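Subject: Structure handover

Hello,

Here is the structure I promised you. Please open it and keep it in view while you read my notes.

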Amino acid sequence: MALYALGDLHLSFQADKSMDRFGSVWKHHVRKIEKYVNKIVQPEDTLVLTGDHSWGRDLAECEEDLAFIARLPGRKILLRGNHDMFWAVSKTARLNARYEGQLFFLQNNFAAYGDVALVGTKGYTFEGPFYLDVWGNIIGWDQDAQAQAEKLVARECARLEESFRQAAAAGYQRFVMFLHYPPTNILEETSPFTEIAERYGAEKVVYSHCHGLKRFGDSIRGPFHGIDYLLVSGDYLNFKPALVLP
Ligand SMILES: [Fe+2]
Ligand SMILES: [Fe+2]
């Protein structure tokens with residue numbers, strides 16, 4: 001039994017949006033996902049997909065993408081990404097009922113992996129606009145956009161706390177925390193998300209959303225304050241699921 005994670009599949013069986021223009025790593029990326037997930041993930045394993053599953057604008061336009069995910073081996077747990085238009089938070093229970101036994105939608109709830117609780121939410125990070133000097137150093141940013149981002153961070157933190165709270169109330173003491181957005185942005189060393197992870201003693205924080213060489217280093221990777229941070233964006237991993245726990 002093993003726990004794997006992979007993010008940002010960006011499927012579009014129906015929405016018909018090619019990812020090829022984002023670089024060679026995205027060429028035939030669906031075939032790579034199929035090949036590597038089938039090779040690495042066993043039926044008894046758990047695979048957490050950390051958001052940006054589909055380009056579809058609503059559930060009807062995502063059905064083939066979700067069916068593709070459902071056919072992958074193992075137990076599939078899905079997190080919301082910023083592009084997942086089919087998944088309003090208020091519809092999570094409905095999605096879980098509809099895909100019962102096939103997919104689990106992680107939002108304001110948690111999933112058990114042995115004695116470890118898998119908790120999470122989409123998260124949020126301020127991504128600019130930033131103002132740069134001629135050398136490319138950040139010398140300022142849009143204050144209104146940052147104020148708006150702080151509200152979204154607070155809302156996502158409340159959702160994350162709810163996930164932790166339910167898991168702790170059920171008796172879990174070990175946690176792996178999942179986010180779609182990186183836990184910190186390029187201005188931050190720590191954030192409300194890293195503080196929550198530390199407060200609950202999460203063993204690992206797993207996130208994705210960062211695409212392309214220039215963005216892979218935007219947040220924490222590796223050990224920080226006793227927690228292991230893993231970036232699992234599909235293009236970062238060449239679409240090979242990352243082992244989170246054995
Ligand atoms: Fe993405
Ligand atoms: Fe994203």
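Predicted model: local features only at pLDDT ≥ 70, side-chain atom pairs only at ≥ 80, totals over all residues.

Start with two strands. E6 and E9 pair in the parallel sense, over 6 bridges.

Two places show it. Val176 stands opposite Lys204 in E10. Met177 has Val205 in E10 as its bridge partner.

Now step back to the whole sheet. What is the order of its 6 strands? Reading across, it is E5-E6-E9-E10-E12-E11. The sheet is open, and its pairing is mixed. Strand E5 (111-113) and strand E11 (222-224) stand at the edges. Each has a single partner strand, so one side of each has no neighbour in the sheet. On average, neighbouring strands here are turned by 25° against each other, direction ignored.

Helix H4 (residues 143-169) lies across strand E6 (116-121) and E9. Its direction runs at about 165° to E6.

Helix H5 (residues 192-200) packs on the sheet as well. H5 touches E9, E10 and strand E12 (227-231). The direction of H5 makes about 165° with that of E9.

Which residues of H5 are buried? They are Phe193, Thr194, Ala197 and Tyr200. Seen down the axis of H5, its buried residues fall within an arc of 135°, so they line one face of the helix. What covers them includes H4, E9, E10 and E12. After H5 comes Gly201, whose phi is positive, near 70°.

**Inside the core**

Back to E9. Of its 6 residues, 5 are buried, so the strand is largely enclosed by the rest of the structure. Leaving aside neighbours within four places in sequence, Phe175 is in contact with Val116, Ala117, Val119, Phe164, Ala167, Tyr200, Gly201, Ala202 and Glu203.

The largest nonpolar core has 57 residues. Which of them touch the most other members? They are Val48, Leu118, Phe175, Val176, Met177, Phe178 and Val206. Strand E9 (residues 174-179) gives the most to this core, with 5 residues. There is a general pattern to remember here: in soluble globular proteins, nonpolar side chains tend to be buried together.

**The other sheet**

Next, look for an open sheet of 5 strands. Its order is E4-E3-E2-E1-E13, and the pairing is mixed. The edge strands are strand E4 (103-105) and strand E13 (242-245), and each pairs on one side only. Neighbouring strands in this sheet are turned by 30° against each other on average, direction ignored.

Strand E2 (residues 46-49) and strand E3 (residues 75-78) pair in the parallel sense over 4 bridges. Within that pair, Leu47 stands opposite Lys76 in E3. Helix H2 (residues 63-71) packs on this sheet, touching E2, E3 and E4. The direction of H2 makes about 115° with that of E4.

Leu6 lies in strand E1 (residues 3-6). Is Leu6 buried or exposed? The cut-off for buried is 20 or more other C-beta atoms within 10 Å. Leu6 has 26, so Leu6 is buried.

Which residues are in contact with Leu6, leaving aside neighbours within four places in sequence? The list is Leu47, Leu49, Val232, Gly234, Leu237, Phe239, Pro241 and Ala242. Also compare Leu6 with Tyr207. The two are 201 residues apart in sequence. In space they are 8.8 Å apart, C-alpha to C-alpha.

**The whole protein**

Finally, the overall picture. The protein has 5 helices and 13 strands. Its radius of gyration is 17 Å, close to the 18 Å that the globule rule gives for 246 residues, so the protein is as compact as a globular protein of that length. The C-alpha trace spans about 50 × 45 × 30 Å along its principal axes. Of the 246 residues, 41% count as buried. Take the contacts between residues at least 6 apart in sequence: 78% of these join residues at least 24 apart.

Best wishes

Definitions and conventions: Residues numbered from 1 in each chain as written. Chains lettered and ligands numbered in written order. Rg over C-alpha atoms; globule rule 2.2 N^0.38 Å. Buried ≥ 20, exposed ≤ 12 C-beta atoms within 10 Å, placed from the backbone. Contact = placed C-beta atoms within 7 Å. Core = buried A, V, L, I, M, F, W, Y, C linked by C-beta atoms within 7 Å. Pairing = 2+ DSSP bridges. Axes fitted to C-alpha atoms, helices over the stretch in contact; angles between N-to-C directions. Arc of directions from axis to C-beta.
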